[in-house]
Structures are given as C-alpha cells and as structure tokens.
Amino acid sequence: MSEPAPVEVHDVTVAYHTKPVLWDVDLTLPGGKLVAIVGPNGAGKSTLLKAILNLVPLSSGYVRVFGKPYNEMRQRVAYVPQRESVDWDFPASVLDVVLMGRYGRPGWFRRPRAADRARAEEAIDRVDMTAYRDRQISRLSGGQQQRTFLARALAQDADLYLMDEPFAGVDALTERAIVALLRELRKNGRTVVCVHHDLQTVPEYFDWVTLLNMRLVRSGPVDEVFTAENLHMTYGGRLAILERAATDYLKDARGAARGG
Amino acid sequence: MSSHGIIILTGVLAAAACALPGTFLVLRRMSLIGDAISHAVLPGIVLAVLITGELNSWPVLVGAGAVGLLTVFLIESLRNTRRVKEDAAIAIVFPALFALGVLMVAQFASQKHIDQECVLYGEIAYSRHDTIMMGAFEVARAPLVLGAVALFNLILILVFYKELKVATFDPAHAAAIGLSPVIVHYVLMGSVSLTTVASFESVGAILVVAFLIVPAAAAHLWTDRLPVMLALAVLIGGAGAAGGYWLAADIGASIAGCMAVMMGVLFAFSWLAAPREGVLGRFIRLRRSRTRFANALVLERLEHSPADAATLATTLAWPRAKVDEIVGFLTREELVVVEPGGMRPSPRGAAYVRRVVSD
Amino acid sequence: MIDFFDPTLRNVALGSGVLGVIAGALGCFAVLRRQSLLGDALAHAALPGVCLAFLFGTHMGLDPKQPLLLLGGALVTAWIGTMLVLAMTRTTRIKEDAALGIVLSVFFGAGIVLLTLLQKGGATNQAGLDRFLFGQAASLLPRDIATMAILGGAVLLTLFFYFKDFQVLVFDSAYARSLGLPVRRLEILLTSLIVVAVVVGLQTVGVVLMAALIVAPAAAARQWTDRLGVMVLLASGFGALSGVAGATISATKRRLPTGPTIVLAVSALVLISLLFAPRRGIVWAAFRRVRTRRRVRLENLLKDLWRLGELDSRFDALRAITDLMAVRSALPATMRHARNAGLVAVEGTGIRLTKAGLVRAAAIVRNHRIWELYLSRRLDLADDHLHRDAEEMEHALDSEVMEAIDRALGRPTTDPHGRPIPRGVPA
C-alpha cells in the first residue's frame, strides 16, 4: 500500500473567539513536493500551518498527518516558525538553538547525547553556518537567523517540513541557499510546505500551490492553479498590479520551461 | 465638620486626584510605571521632610514629585541602553529607590513623624488632627492639599485634553500633527508624581497604586468613551474610599487598606456585571455567537456539498446530537432546503453566513 | 566587627544566601519571559495568605508560626493572584500591566487589613508578621532555614531536571508545542517554581522588595554571558552574594531591615554589571566608540595626506598644515595621535607621511576605491552616492572581506572616477 498523503485537512474551521480565520478548508497535499500557501494578509495562512501542527483548537473538522493524528506522527514533522516570533536577544548560541531540534526525541531529557550533537552540527553545516556555530543569536543577520531556524528543523530529521515565511526578510544569498535546500529535501523525498508572500517567485520555487483567503480558493499543481482568475479570486480586486506581475512571470516561467 | 467627615473627604479627594491621571495610565498601558513612581518617590519625600520638617508642604510636593520624574527618566535610560527590557528596567529601578527610602525612614524614624507603617499604608486617621488656620477657620490640611491636587489634575487634563487623547489613542497621528509625545508623556508623569506624593501621607506608597489603577480599570470595563471613563473612575474611586472607611470603622482595621479592598470589590463587581466586558454579559453573548457560528459553519459545509445530518456529523467531527439540534434550527428557520441529494442552503441561509462572517 | 561564628549572624547569612540562589536562578526565566513584574505582584499577593495561614493556625490550635504553614498560605494567595491576572487579561480588555497593578494593590490592601486586625488582637507582635513586610533576616530560626533549604533544593532540582524544556519553552513556545512538549503543564510548573521562590524570600526580604531579588540578579548575570546555563549559575551566585552581603550589613546595625539592604546590594551589582561587564558593558562600549572615532579621524588624516601626494606624485613630501586644514581633518589632537603612532612626522609647520604611514594610507585609499568600484559595478549606484558610502565603509571593512571583493573584481587598477587604486607603497 502506498504511503498516506503527508497532509490531509478535512473540513477544518478555526476561529478566534467566534471570528472565523479558516472557514471549512478541505485539502490534501501530496508527498515529495514543495508546496506554497499563498494568500493576502489575514487569510489564515499561518493558522493553516498551526492547524496542521495541532497548535490551535479546531472548531470543526480534523487533520491527518501521514494518515494519523499529528500527535502520533510528530516525530516525522518539523516546524519552522516565523523569525519574528521569538526574541533573538535570548541567551543562546546557534548550536543551542539547533540542539532544540533534538529535544522532542524520547529520552532526551537527561543531556543531549553525542549523537544529537553530531546531528545538530551536521544540520548547521548544511545551512553553511559552521563558522557561526558558537555565536550568540542576536549577533546574526536576518538571513543567518533564518538559516539557524532551518538547521533546527533539519536536525529533527523529519519527512514533512512546515515553514512559516522562510523567505521573509532574508538577503538574496540566503534566499538562494534556502531554495537549494528545499530542492535537496524534495530530492530526498521530503515534503515542504511554506507560507509564502512573494507571488513572483511561486512558479520558480514551488511545485504545488494552495491559494487561501479564509476559505480555500484552489489547491493543486502550480501550472494548473496559479492562474490570473484564481489569483483574482484569492486577492479580490485589491492587488491588481501584483496579480498582473504574477501573471507575467508565470507566462515567462512557462515559456522558459517550454523553451528549455 | 465631624472627624469621620474629614477622613472620608480626605479619602474621596485622594481617590479623585488619583483616578484622573490613573485613567491615562491604564489606557496607555503604563500602570506599572505608576506603581514604580509611587514607590520611588519615597526617598524624595524623606529627604524633603528631613529638610523642611513637615509632610505635605509645597516644597515636599514639588521636590518629591521631581524624584518621580527622575524615576521615569531612569527607567527609560536603562531601557535605552538596550541591555535590559522595559519590564526588568522598572523592576530594577523602583525597588532600589524604595529600598533607599525605607532605610532612610528606618534610620530617622524617631526624629520625624514618618515611619515604616506610614510608608506602607498611610495615616489617614490623623488627618483630622492636622489642621491649619485659614483666616478665622481651622481647616484640615490633608483634604485641602488633596483637593488642590485634584483640581490641578482636572485643569491639567482640561488644558491638555486633546493632546492627551490623541497621544493615548493614536500616537502615530499625534506625532504626525506635531504633538510631542515626550511632552505629553512627561506632563502625565509629572501629574502622577505630584499626586502620589500628595496621597502618600494618607494612603501610603503601595496602596496609592490601588487608587491610581483600580477605579480606572473598573471604569474601562463599563465604557469606551474617555470623558465618561474619567467621570466613572472618579466616581468609583470616591465610592471605594467612602465604602472603605465604612468597612474600616465597622471591623476596626486599617482605613487605607479597607479602601483598597473596597475598590477591589467594586472592580470585581464591574468584572462580573459590566454589560460588554463583564463575565455574565460575555458568557451570554459568547453562547449566542457560538450558536450562530455553528449554524453558519454547517451552512457553509452544505454549500460545498449537500448532505444529511449523519454525513455532517462525520465530516465536521461533531457529536450527532449537536448536529441534529442545528439542523432542526436551520430547517425551522428555512435556512436550508431539503433536496434528494441532501440539504443545501436557501438564499436566506447564504445571507446568514455572510452576516456571521462579516461580523 | 562582624563575627561569622555568631549563630544568629550565621543563620542570617545562610538563609539569605539560600534565598539568593533560588531567586537568582528562577529569576532568569521570569526576566527572559518578560514577566519581571509578575514577581512583584506575586509577592504582594502573598501577604494576605500569610495572615490567613496565621489565623487558621491559631484557630486550629496549631503552632501558627510554623514556617510551612505560613509559606503554604502565601503560596495559595499568590497562586490565586496569578490566576486572576491571567483570567483578567484573557476575558476582558484589561491589559497585563493594569491586571498586575490591580492584583498587587488590592491583595496588599487585604493583607494590610488582616495585619491590622491581628495587631488589634495583639497577635502580631508574638507572630512577628510585620517582618513579612520589609524582611527581617534576624528573625530567621534554624527551622525557617531548614524549610527554605528543603523547598529551595526541591525547586533547584526541578529546574535542573526540566532545564531543556524551560529553555525551549521560554525561547519559542510554539515550537516547543510542535515538538510535543506539554507546554501548558510546563508553563504552570515554571510559574509555580517562581511563586515558591518568591514565597521563600518573604521573611527575609519582605513582600515589598522581593521583586528586586528575582529580577536584578538575572539582569546583572545577562550582561556577563550569552549562554542560558551560565546565566542561571551566575544569577544564583549574584543572588547569594547580595543576600549574604545585605543580610550581614543589616545585622550589624539596629533598625536596618534586611530587605532594603539586600536590594541595595543587588542593585549595586546590576549597576556594576551594566557598566563594566566585558563586551556588553556601557563603559567599554563608550571606550570603543571613542577609539573608533579616533581611528577614523586618524585614517582620514592619512588619506588626505595621500591624496595631496597624488597631486604631485610626491607621497612623503612635507605638507603645510594649512593645506590639510583646508581639506578636512587635520585636527591638532589627531595629528598628535598620528605622530605618536609613528605614522606622520611633524617638521616646523609642515607634516609628512612616514614609511609606516604610507603603508597604512595606501591600504585605506585602496579600501575606499575598491568599495566604490564594487558599488558602482554591482549596484549601478550613481557616482555621487559612492563616495559618501565608501567614506564610512573604508573604516569598517575587514581585510578578509576586502580581499574577497578585490579578487571578485579581478584586482582592478582604477576606481569609477578614474583614479588609481594603490597596490603598494611608492618608492
């Protein structure tokens, strides 16, 4: 039997108090793909990630991760929160933060073992941060902080990565490095789901896109779903300029793909 | 005036004087700065008393009030070093100053009429013995001073009303139209300093926090409008002070302590009964909106795919009884139409969903 | 004369030291969670608990001064206070600052009411409940210290055992939950530990000033280290040090309550740490700023001399001071500094670059021009933007970065304005 889909969201509604943030969202994300969750501000993108991670209470519906409730499968899931969600002045080095990725393992609570440390250092190396391993995290650039968070997720050695705006506020070099890392993960059969803000890079970076605006607009392969009409439905008339830009890029990308 | 009357008057005037700047402290989320000031003025008061020989003289008010401003300045400087966060800066500065004040009190207690108990909970009961002559009349000093400070605060708020209001509710706009937030800030802090110093003798350094914060917070539960909130805060503070005196007389305990407790009681009552923010009103409203929300959610689901109650219960992961109850309501109100493939929302049902979502 | 063999003094120092260790360690987490003032509210909220426990003990015929009883009472009301703060901020528009202020002042008021009632009954003097206000370490009995030590030991053991959980919880609680850590339970545990630390300190420091002993050692320790583990150890040490010092001072003189002396001791530690801690110390930062400014002025002087040299290709010729003043930077102090460093030689009213000065000046000019070239090639910046930016960057770029840029540009020979990029010192 084939492996169940990494993420199934069944009729999920999330509300803060009684204000709906996600409204009856129903979708399945396929394995081994790079998935972008796209939508306007306040569309519930981060909330969708949190719903998958069982971090917010659901008003209705349920989520399955690899066919099971999240709590049974959390060893296979790694979360990369928004960089702004933490206080980077916290007294910790890069290695300290990355080691946190090993805390979810059973039997961790004595001290991190040599194997955990080795895993953490390997993850730091994969994001090119070895030179900064012992540096205090407030003395890192935005891009380096994001790499630290990615390394922490890598140290979890998961099959499904859920990333909340990994490209927000990073330099061009880091952006390229992250893209390379995502592709490497895909090559190894991992699934990555990113909340993403930059419409222009969606077709270049991702295989699958989920358009969200409180309700699910569409979810599917980028070249089927990432169309002007769907973007219009997602953003309303609000972002006409952005939308046109995205369409142009899409055309270019397709042209390039066809040509290449 | 009877001695009871004088004590009550003193308490009510202290409450009024405190409630006015207190309202802005609560709205500007600076309650704990008020707490810090009320503690930190102590060394200023002791020093001024040692020099002038009496509490509540004008030099004491001004001198100790300046120490209050110094406290605010110290907290801000400490935070601006970016080596400690604001909450820690507050918790470092005011205990240090207060500790200094307590040590001074402990060392010089025997010389002047200021002691540790007075620091903690004031000596409002003595206000009836402490009088000055005004022309032919013998007037109690404490209510006179507190009345003057209350009046001063009122005038200050009237003069700076627009500035305070804009700077409190929309600091960005305030800066844009050229109001200096720093000046507004220090005017308010000056008022808080002066008021805590004036109230110190009657209610002590710690209980004055109750006078500053509690009535204003209680008033905030009843209203959104600034003038109403100011008036209500004064009213609640006055009622708390009067009620506290009555309680203290009845059980024979610390008057200032009882006043603080009474203000707490009034706050608790507001927390329970205020129509919008109160626990009861909230509970009722929450139940109503939860029901509306659940109805809308079922309608939304039916819009995507028509279904019967059993299917709904599985897809929504809800108990069957809950779904039946909702479906019953939707059918009665004709928000759904029953078709062979299952229920689907009627036009009225669609309108219902839109209303709930846009609420 | 301080006599540490005096049993009272030993008790006092021991008790205050134990307290300092506990408060310092737990305080780190309170400070990092930005809950510094929760400790203050908790301490005040404990006062009615102490009084109620005393009443309860008297009523039930127990020994009302039994420390566990009093601490138990304090724990209960402090917990109720915390829950009220939480409930208030969750269910109403009241913000955390006001909620803390309300709980703090009303609970304290209730404590004062109970205290005056007990006083009227003549009970407080024998109970010594007023020591809970400002602290009186001299009133610590051996059994009080034993209780403190046992409670403190339990707290520290729990802290040691859950250290990693608390670390990830405080840094990033959403991530901690995604790992499957029981975040809600850990939060309650951590808050409970802080409550215990506060309550343990009440008799020594008093409810009014206990907040300082939670916050100040942690704030001081943070200045010395960037590691959480080290910070906790340091804060414990600072707490113990100020506890012992403060209590000892208080015990040497009459009418010196312990709370204020301990708080002043720990405040002094904060001040010292803020000013003199290596790297984060304000004094060193100011020194560094002054040094950098001096270096920038010096380098500008050398650069100006170099540029004058370019005009007539005589790099180490004597230049008139007035020429330099006209360019910019020839301040007397800078010139003195440059001469002391052996970079320039002053002769009469003139000044010239020495051998060492030439080397240094060439390096600065090279940095400046390579950076301008880099900006204009890579970013297409307009020429007039280049100079101002390079003016700052030439002093900041380290040689490794410069070398990389130089290599990437293919070791150019002229800058965007067509001026030569010096590749060595002219003979």
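Author: Let's go from whole chains to strands, and then to single residues and a surface patch.

Author: First, the ground rules. This is a predicted model, so local features need pLDDT of at least 70, side-chain atom pairs count only at pLDDT 80 or more, and totals for chains, interfaces and linings use all residues. Residues are numbered from 1 along each chain as its sequence is written, chains are lettered from A and ligands numbered from 1 in the order in which they are written, and side-chain values use heavy atoms, with hydrogens and water left out.

Reader: Fine. How many helices and strands does chain C have?

Author: Helices (H or I, at least four residues) and strands (E, at least two) are DSSP runs, numbered from the N terminus. On that basis chain C has 19 helices and three strands.

Reader: Why is chain C called more spread out than a compact globule?

Author: Because its radius of gyration is 32 Å, well over the 22 Å that the globule rule gives for 427 residues. That radius is taken over C-alpha atoms, and the rule is 2.2 Å times the number of residues to the power 0.38. Along the principal axes, the C-alpha atoms of chain C fill a box of roughly 105 × 55 × 35 Å.

Reader: What share of chain C is buried?

Author: Buried means under 20% relative accessible area, exposed over 50%, and partly exposed in between (1.4 Å probe, protein chains only). In chain C, 55% of the 427 residues count as buried; in chain A, 54% of 260 do.

Reader: And how do strands go together?

Author: Strands of a sheet pair through backbone hydrogen bonds, either parallel or antiparallel. Here, two strands pair if DSSP finds at least two bridges between them. Chain C has an open sheet of three strands in the order 1-3-2, with antiparallel pairing. Its edge strands, each pairing on one side only, are strand 1 (319–320) and strand 2 (344–347). Strand 2 of chain C meets strand 3 (residues 350–353) over four antiparallel bridges, and Glu347(C) has Gly350(C) as its bridge partner.

Reader: Which strands pair with strand 8 of chain A?

Author: Chain A has 10 helices and nine strands. Strand 8 (residues 208–213) is mostly covered, with five of its six residues buried. Strand 3 (residues 34–38) of chain A pairs with strand 8 in the parallel sense over four bridges, where Val35(A) stands opposite Trp208(A). Strand 9 (residues 215–221) of chain A pairs with strand 8 in the antiparallel sense over six bridges, and there Trp208(A) stands opposite Pro221(A). Strands 8 and 9 of chain A form a hairpin with one residue between them, and Met214(A) in the turn has a positive phi of about 65°.

Reader: Now a single residue. Is His44(C) buried or exposed?

Author: Buried, at 0% relative accessibility. His44(C) lies in helix 2 (residues 36–60) of chain C. Contact means heavy atoms within 4.5 Å. Not counting residues up to four places away in sequence, His44(C) touches His39(B), Ile206(B), Leu104(C), Phe107(C), Phe108(C), Val207(C) and Val208(C).

Reader: Which residues form the nonpolar patch on the surface?

Author: Patches are made of residues with over 30% relative accessible area and no salt bridge: like charges are joined within 9 Å, nonpolar side chains (Val, Leu, Ile, Met, Phe, Trp, Tyr) within 5 Å. A salt bridge is a side-chain nitrogen of Lys or Arg within 4 Å of a carboxyl oxygen of Asp or Glu. Accessible areas come from the Shrake-Rupley method with a 1.4 Å probe; for residues, only the protein chains shown count as cover. The patch holds Leu151(B), Leu154(B), Ile155(B), Leu158(B) and Val159(B), with about 490 Å² of accessible area together. Leu151(B) is found in helix 7 (residues 141–159) of chain B.
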